[in-house]
Amino acid sequence: MKNNKTKKQEAKQYEAYVKEFTPKPKVLVNGVKAFITGGLICAAAYAVQTWLIRTMNLGEDAAKTWVTVLLICTAQLLTGLGWFDTLAKFCGAGCIVPITGFANSMVSPAIEYKAEGPVLGVGAKLFSVAGPVLVCGITASVVAGLIQWCMR
Amino acid sequence: MEYIKVFVTGGMICLIGQLLLDLTKLTAPRILVIFVVSGAVLQILGLYEPLVEFGKSGATVPLPGFGYALAKGAMEAVTEKGIMGALTGGLSSAAAGITAAIGFGYVVALLFSPKSIR
Amino acid sequence: MNHQRGKQSIVFSNRPYVVGAAAVVGVKEGQGPQRKWFDFILEDDIFGEKTWEKAEGKMLKKAIDLALGDGRVPEKQVDLLLGGDLINQLMIANYAARDLQIPFLGLYGACSTMTESLIMGSVFIDGGYASNAVCAASSHYCTAERQFRMPLEHGNQRPPSAQWTATASGSMVLSGRRSPGRNIRISAATIGRVVDPGIKDVNQMGAAMAPAAVDTLLTHFRDMDRTPSDYDVILSGDLGNIGKNILIDMMEKQGCPVTEQYNDCGALMYTDSQDVHSGGSGCGCSASIFSGRVIKEMRQGTLRRALIMSTGALLSTISSGQGESIPGIAHAVVLEAEGGE
């Protein structure tokens, strides 16, 4: 048996060797796509928000919340129709990083495990990807609150 | 002018995400977590609020904005209600979004079936 | 008489006949360059079933039924069914075996299952423990993808090294007796060792399996005292474009170049325009090309002696979740077309 150290070294060497054969991701093209599509989603959200404030006489906070809800519902509907993953293939982080990606990450596993029933299938799997996001986000918010309390 | 600021801010945040996807081995779920937590941390440090003032939706719509909203809610609630605010503030500030995502997501998942390869 | 050659290779003195074979593939595979070699192409990947798993089970059974029909062997005369798939606890093969009522031994070798079952079947028939045996393997994009990676509808970009799990099943009927006009025999096999080069990235399967494939190939040539030029074709299972190039490079460095007659089923399965990145993978990828293309070409007489080698990445969702590296394996089988028409 080889010891762990040489094994690790060999693995590293092999990984470097494999890299020679692996095509590089198109970082520039992907980056430009993500920048533009992500920017467009945010700009569209801002447009809707401004429109809501102007025509519906909503306050800024209420308008923001409505926009968030709209974005989430749209992304989830697109996921249900099977279009979101096609969109994500093009946009990459452009639609994964906005709240739309979070919405997609809830519906996609839930649809997938539909055959396991409405409780343990859909119900549980809604959180298989989004769960960690909520757990970490909410924990961070508690920490933020505690820090604020200590500094008062 | 406002729209350009929104577009550039949102675009930049997504670009960072894309670079993380392409240049590191991080998978999409991990990136989502990193973004939400970093939004919260930046808000604790007082750095995200200026970005929101500059980029508006460009800073709130991407996931760091979600972390920012959670952290901001908790911090404001603490100022108003004391220590209990640390527990209630975060979720109540993002309640509409989370509830919509869960409720509508559940309905969508029940209505649609997974599609095969395109 | 000793049937062993070296430590890992065996030769069959009775050389079992491959009397029937069939390949069933999904929609995307049916649009690919191998289209004309497949016996049945699904119109819809759900195949009229409620779940993807049931659809895959039906697809596997279809491949077995077609292979039995092709070999004109009635189901009742089959003594043994050997096969497997990728889904937890061999769910798919169990479904197919439940419907067929043939004595069943389930095998798991990840994507190496097709040659694994061919070796097992040949041993049974060569030793006289079975008269007719069916060897089969299956994979389905929609069942494997959600088990090993992400849900289908999850928005994501696949890295350039990712491989596409083929929706495909392949099946061969082995027999101790030749049937008229069919004369393909299994003459030898090399059982692979597990080789783990330390790759942890589940999107680098070809690279994880290539060293195992190289190990099996070199062992085979040494044990059998042969060279690559003794074969008309050497086909590996699902190394994909990246793994294929790694294998070619490694074999050359070992002083045993294979470029001329070598190819890989994963690299053959799709065209670049089908956007599958590094090519196909899954048990069905090699199973369908071996059962579809290789057998047909041998019957047509374009190939005389073929070395087929399915390759497997022995990972599980638990092992990849715990950050363990991916062990690879490869088993090789020698097919020979006998006599001219």
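The structure is a predicted model.

**Chain C as a whole**

Chain C contains 10 helices and 15 strands. Its radius of gyration is 18 Å, close to the 20 Å that the globule rule gives for 341 residues, so chain C is as compact as a globular protein of that length. Taken along the principal axes, the box filled by the C-alpha atoms of chain C is roughly 55 × 50 × 35 Å. Of the 341 residues in chain C, 59% are buried. Contacts in chain C can also be sorted by separation in sequence: among those between residues at least 6 apart, 80% join residues at least 24 apart.

**Strand 3 of chain C**

Strand 3 of chain C covers residues 17–25, and nine of its nine residues are buried, so the strand is largely enclosed by the rest of the structure. For such a residue, 20 or more other C-beta atoms lie within 10 Å of its own.

Strand 3 of chain C pairs with strand 9 (residues 168–175) of chain C in the antiparallel sense, over eight bridges. Within this pairing, L174(C) in strand 9 is the bridge partner of V18(C). Strand 3 of chain C also pairs with strand 4 (residues 40–41) of chain C, here in the parallel sense and over two bridges. In that pairing, I41(C) of strand 4 stands opposite V25(C). As a general point, the side chains of a regular strand alternate between the two faces of the sheet.

**Contacts between chains**

The contact between chains A and C takes 29 residues from chain A and 22 residues from chain C. On the chain A side, helix 1 (4–21), helix 4 (84–91), helix 5 (93–96) and helix 6 (99–112) each supply at least two residues. Helix 6 of chain A gives the largest share of that side, eight residues.

The contact between chains A and B takes 68 residues from chain B and 64 residues from chain A. Several helices of chain B each supply at least two residues to the side that touches chain A, among them helix 2 (28–44) and helix 5 (63–81). The largest share of this side, 16 residues, comes from helix 1 of chain B.

Notes: Residues are numbered from 1 along each chain as its sequence is written. Chains are lettered from A and ligands numbered from 1 in the order in which they are written. This is a predicted model: local features need pLDDT of at least 70, side-chain atom pairs count only at pLDDT 80 or more; totals for chains, interfaces and linings use all residues. A residue is buried if 20 or more other C-beta atoms lie within 10 Å of its own, exposed if 12 or fewer, and partly exposed in between; C-beta atoms are placed from the backbone. Helices (H or I, at least four residues) and strands (E, at least two) are DSSP runs, numbered from the N terminus. Two strands pair if DSSP finds at least two bridges between them. Two residues are in contact if their C-beta atoms, placed from the backbone, lie within 7 Å. The radius of gyration is taken over C-alpha atoms; the globule rule is 2.2 Å times the number of residues to the power 0.38.
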